[in-house]
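Subject: Structure for your review

Dear colleague,

Please find below the structure that I am handing over to you. My notes on it follow.

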Amino acid sequence: MSSVAHPPEDAAKQSFWMPGNYVPTVQRTNRSFQACNDIVACFMERANVEKQYAQQLSQWSNKWKSIAESRPLYGSLMTAWQSFFTSTDRLSSLHASISQALVTEEGARVKAWQKETFPKKIFCGFKESHTNTTSFSRAQRPWSKKLIKLDKVRTAYFKSCQRELGALEKEKQSNENTAMSEEKKERFKQAREKATEEKEKIRDQYEKTLEDVSSYTPRYMEEMEAIFDSAQEEERKRISFLKQTFLSIHRHLDVTNNESVKAVYSELHQTLMAIDEQEDLKWWKNNHGPGMATDWPKIKEWVPPVKKLKRKKRDQKGKESNPVMIGGVKVRAVYEYVGEEGDELSFKAGEVFLKVEEEDDQGWCRGVLSGGKEGFYPANYVEVAE
């Protein structure tokens, strides 16, 4: 069986009302200040964890993005795989923002509040601690003096009781001693009566001193409670602020209720559900199978070769005086030609335009397209239009 716990004998001495026992209440201010330091340090460390996690997510995503691109997946299946990297990048940004918020919002807010809430008094620690110590000490001083006086009177009374008891024992022994003279017995009786008289006198002082202490107690309690209530109110404000701080930190860390996270996983799920084996097989058929476009064998018309001039020679030719045709001659392109240099014309088979300069010794003519662009073209690619 477990024994019933009993309070220690000196429990009353530990009471708040006893002299000096207000100290824990005063020291609570210092402990609250230190608690704020610990809270900031705690969540700065958590912010670092969030930052490292964000970096690890990003590193993982970057690594496997490049690997996935070289793997033989395709179509909606490849899109689904890549969607994991996209969602991870978004989660990385989210956790990076959580880290930033813990540092810049919560950490900075607690430090600013801490600086405002715990003003210091020069050479005396915190102003609140100094004020409470002074107030409690001032309120306890008169009552402490009365307690000291009461303790002295109580001690004197107990000693007088002890002396009376000793005198009673001696008187009793003398009365039982038949051989003792009456005169000697009378002296023991008188000693006992004197001890009793002194005891009653001291008890009277004891009662009056106790009455003085008792009459002062209500005032003492009122003053002490007022100071204590003031300290409690300051502590209530601190607790309330830290509660709101913890709730704010919770909102940052609770990703289960974060709409951005919900959106990430919702979109990821939709992408995964969109995997379509029929569409993927169709894509493979069209890009790597029978559905691919093929240049089946057929007759190809012969296209005359083009004599290409070096740029320097072309420029020199341009400077020579070739015969220029007044008004030009309409020609029709027999073959399609794509100019390879800036001063060459491009045209499709069947297109009609003007030849404005006769063929040179390299087989090139100068012409003007219907849009007004002028340039060279191979003479054997056109015929005179009827």
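pLDDT is the predictor's confidence in each residue, on a scale from 0 to 100. The model is a predicted one, and its protein chain has a mean pLDDT of 88, with 91% of the residues at 70 or more. Residues 1-7 have a pLDDT below 50, and this stretch makes zero contacts in the model beyond near neighbours in sequence. Where pLDDT is low, the predicted coordinates should not be read in detail.

Strand E3 covers residues 364-368, and five of its five residues are buried, so the strand is largely enclosed by the rest of the structure. In a regular strand, side chains alternate between the two faces of the sheet. Both faces of E3 are covered: Trp364, Arg366 and Val368 are buried on one side, and Cys365 and Gly367 are buried on the other.

E3 has a pairing partner in strand E2 (residues 352-357), to which it is joined in the antiparallel sense over three bridges. Within this pairing, lysine 355 stands opposite glycine 367 of E3. The hairpin of E2 and E3 has six residues between the strands, and glycine 363 adopts a positive phi near 85° there.

E3 also pairs with strand E4 (residues 374-378), again in the antiparallel sense, over five bridges. Here arginine 366 has phenylalanine 376 of E4 as its bridge partner. Five residues lie between E3 and E4 in their hairpin, and in the turn glycine 372 shows a positive phi of about 100°.

Glycine 328 in strand E1

Glycine 328 belongs to strand E1 (residues 324-333). Is this glycine buried or partly exposed? Its relative accessible area is 22%; since buried means under 20%, glycine 328 counts as partly exposed. Apart from residues up to four places away in sequence, glycine 328 touches Leu354, Lys355 and Val356; Lys355 is the residue that stands opposite glycine 367 in E3. Glycine 328 and glutamate 223 are 105 residues apart along the chain, and their C-alpha atoms are separated by 118 Å.

Two residues of helix H3

Asparagine 132 is located in helix H3 (residues 127-176). With a relative accessibility of 7%, asparagine 132 counts as buried. Leaving out residues up to four places away in sequence, asparagine 132 touches Val26, Ile227 and Ala231.

Leucine 147 is likewise part of helix H3. Its contacts, apart from neighbours within four places in sequence, are with Pro19 and Val213.

A nonpolar surface patch

Which residues form the nonpolar patch on the surface? They are Trp60, Trp64, Leu73, Leu77, Phe84, Leu272 and Ile275, and together they have about 550 Å² of accessible area. Helix H1 (23-69) and helix H2 (75-117) are the elements that give two or more residues to this patch. Leucine 73 is located in the loop between H1 and H2. At 32% relative accessibility, leucine 73 counts as partly exposed.

In reading the model, please bear in mind the pLDDT below 50 over residues 1-7.

With kind regards

Conventions. Residues numbered from 1 in each chain as written. Predicted model: local features only at pLDDT ≥ 70, side-chain atom pairs only at ≥ 80, totals over all residues. Heavy atoms only, no water. Patch = residues over 30% accessible without salt bridge, like charges linked within 9 Å, V, L, I, M, F, W, Y side chains within 5 Å. Areas by Shrake-Rupley, 256 points an atom, 1.4 Å probe, with all protein chains shown as cover. Salt bridge = Lys/Arg side-chain N within 4 Å of Asp/Glu carboxyl O. Helix = DSSP H or I, 4+ residues; strand = E, 2+ residues; numbered from the N terminus. Buried < 20%, exposed > 50% of the residue type's maximum accessible area, 1.4 Å probe, protein only. Pairing = 2+ DSSP bridges. Contact = heavy atoms within 4.5 Å.
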